[in-house]
Amino acid sequence: MSIDYSEKIPNNVDLAGDRKLQRALESWQPNFLSWWRTMGPAVPTQDVYLRTAVDVGKEGWAQFGHVAMEEYRWGVFLAERGDDRRIAFGEQKGQPVWQQVPGEYRADLQRLIVIQGDTEPASVEQQRRLGETAPSLYDLRNLFQVNVEEGRHLWAMVYLLHAYFGRNGREEAEALLQRNSGDLDSPRILGAFNEETPDWLSFYMFTYFTDRDGKYQLGTLKESAFDPLSRTCEFMLKEEAHHMFVGTTGIDRVVTRTCELMREHDTADIAPHGGIPLDVIQKYINFHYSVSLDLFGSERSTNAANYFTAGLKGRWQEERRKDDHTLTEDAFTIDTVKDGQLTTDEVSALLALNLDLRNEYVKDCQSGLKRWNRILGKHGYDESLYLPHVGFNRQVGLFSEHRVTPRGELVAEDAWKAKEDGWLPSEADKTHIRSLMRPVYEPGKIAGWIAPPTNGINGKPFEYEYVHLA
Ligand code: BYC
Ligand code: FE
Ligand code: FE
């Protein structure tokens, strides 16, 4: 089904036939645009070579062309679905999915949608100033592509709040524009979204590790018995793939350049030669991975159990799981700390659903490490990058009360503090990375700390003028 672009708000939900919803969204739109102008990308542009969704069907949903960013067609797009979808899990398994919000789940559903919605504009705020130091026009374009799509993800959640949660939903939609990343008085809801993304290494790490949490959370909401939420998230997931591509290939290119510089200067200490040393890359992995693990909530969670039992939030690829999809009889092994030792414990599988999802995420994260180590190997280095232990540097869950090293040893606070600068980006590391961040806006040119991409966007060459600056 194609998207109606004749409308002020492009959509495939027949907005024209729903005056009340149309009024709500039309009165929110100017506030969104004013938020975009003050909190969105800081570098002024004439136009950017962007991908715009034009169709929600399997083919041809994306169209490429230069557009002025403020005229980007944000809108409301839901994936198409058959009529007979059934609830796949929980105590109402087998019953038809819901087209309206059941009264008893209203508060929980609204909360999940608000948390999801809050992350989208938060990331745009975090990335606001990155355009000032882009390593190439190609990268600048990718940043803006990610930004406009996160803006659209905000629209997706606001649509649900407006269409299904009445006055309360409209108030929450306003509040999504009023909280701001890192704001002391009204911060974003989840920890990772109040961290800074001050440089491009952080940006690639964020799109690799934090957008990947988005992939997994959206995957569970796609299973929801609340069908409009499910269809909305399914469509968002298509856009998410590119965000993670930016992260994966961004780190590929940093590692590649690091190898080249190490070879050229015959030293691991490539900072004086304008490169990013391997141990600094490892520290950035340690930071972004651990902060993203916090986004899964506690390993043991009654919230997660309740969401699952009620049918609000499923598991990753729920339908492919070979069990009864109610989990009332099942057990799950979780890590725990007893008498100063790391050990394991058995809990009801329902209580361990955040951990179940986190385990899927960790497996997926490993694929990047394999890639980057392959690049090192190809250049003749046997050093390897790795994911730190899941207990390292945690603020949420059972490890938040303990100090765990990246290699997984439990240590005392002072021992941890003494080593912290070797594990997480130190002030000196951050200063060095910041010193490398100089914009390169000439088509076909690239900054010295990163390799160029192997391909351009949509078949265009790397030298293409992806962005016309104002
Ligand atoms: N920070 O039972 P617990 C994305 C709270 S990223 C602060 O352990 P639960 C994107 C929790 O709310 C995907 N607070 O956790 C990426 C609860 O509070 P109450 C975002 C936290 O509820 C890049 C208490 O602690 N989407 O899309 O099972 C760019 C105990 O909670 C945190 C979602 O997250 C934290 N990290 O799970 C752009 C999906 N963790 O109830 C976009 C929606 C927990 O005691 N959210 N708390 O007041 C959820 O499904 C769940 O709320 C969570 C937490 C997975 C976040
Ligand atoms: Fe998103
Ligand atoms: Fe994303």
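1. Let me start with Gln317: it counts as exposed, because there are 12 C-beta neighbours inside 10 Å. Gln317 has a phi near 50 degrees, a positive value in a residue other than glycine. You'll find Gln317 in the loop between H8 and strand S3 (331–338).

2. A word on what you're looking at. This is a predicted model, where local features need pLDDT of at least 70, side-chain atom pairs count only at pLDDT 80 or more, and totals for chains, interfaces and linings use all residues. Residues are numbered from 1 along each chain as its sequence is written, while chains are lettered from A and ligands numbered from 1 in the order in which they are written.

3. Leu327 sits in the loop between H8 and S3. Leu327 is not a glycine, yet its phi is positive, at about 65 degrees. Is Leu327 buried or exposed? Leu327 is buried, because 23 other C-beta atoms lie within 10 Å.

4. Now the whole chain. The protein chain has 11 helices and 7 strands. The radius of gyration of the protein chain is 23 Å, close to the 23 Å from the globule rule for 470 residues, so the chain is as compact as a globular protein of that length. Helices (H or I, at least four residues) and strands (E, at least two) are DSSP runs, numbered from the N terminus. The radius is taken over C-alpha atoms, and the rule is 2.2 Å times the number of residues to the power 0.38.

5. Along its principal axes, the C-alpha trace of the protein chain spans about 65 × 60 × 40 Å. Buried residues account for 43% of the 470 residues in the protein chain. Take the contacts between residues at least 6 apart in sequence: 69% of these join residues at least 24 apart. A contact here means that two C-beta atoms, placed from the backbone, lie within 7 Å.

6. Which residues are closest to ligand 1? They are Gly214, Gly297, Ser298, Ser301 and Asn303, out of 25 residues that surround ligand 1. The cut-off for being near a molecule or strand is a C-beta atom, placed from the backbone, within 6 Å of it. Helix H2 (106–126), helix H5 (200–221) and helix H8 (302–310) each supply at least two residues of this shell, and H2 gives the most, with 6 residues.

7. Tyr208 lies in helix H5 and is buried, because 24 other C-beta atoms lie within 10 Å. Leaving out residues up to four places away in sequence, Tyr208 touches Met244, Gly247, Thr248, Ile251 and Gly368. The C-alpha atoms of Tyr208 and Val246 are separated by 7.5 Å, although these residues are 38 apart along the chain.

8. On to an open sheet of 3 strands, with the order S2-S1-S7 and antiparallel pairing. Its edge strands are strand S2 (62–67) and strand S7 (467–469), each pairing on one side only. The twist averages 15 degrees from one strand to the next. Strands pair if DSSP finds at least two bridges between them.

9. Strand S1 (residues 45–53) and S7 run antiparallel and are joined by 3 bridges, with Thr45 opposite Leu469 in S7. Helix H3 (residues 137–164) lies across S1 and S7, running at about 60 degrees to S1. Axes are lines fitted to C-alpha atoms, for helices over the stretch in contact, and angles run from 0 to 180 degrees between N-to-C directions.

10. Last, the hairpin. S3 and strand S4 (residues 341–348) run antiparallel, joined by 8 bridges. Lys338 stands opposite Gln341 in S4, and Ile334 has Asp345 as its bridge partner in S4. The hairpin has 2 residues between the strands, and Asp339 takes a positive phi near 50 degrees. Of the 8 residues of S4, the number buried is 0, so S4 lies largely in the open.

Note on methods
A residue is buried if 20 or more other C-beta atoms lie within 10 Å of its own, exposed if 12 or fewer, and partly exposed in between; C-beta atoms are placed from the backbone.
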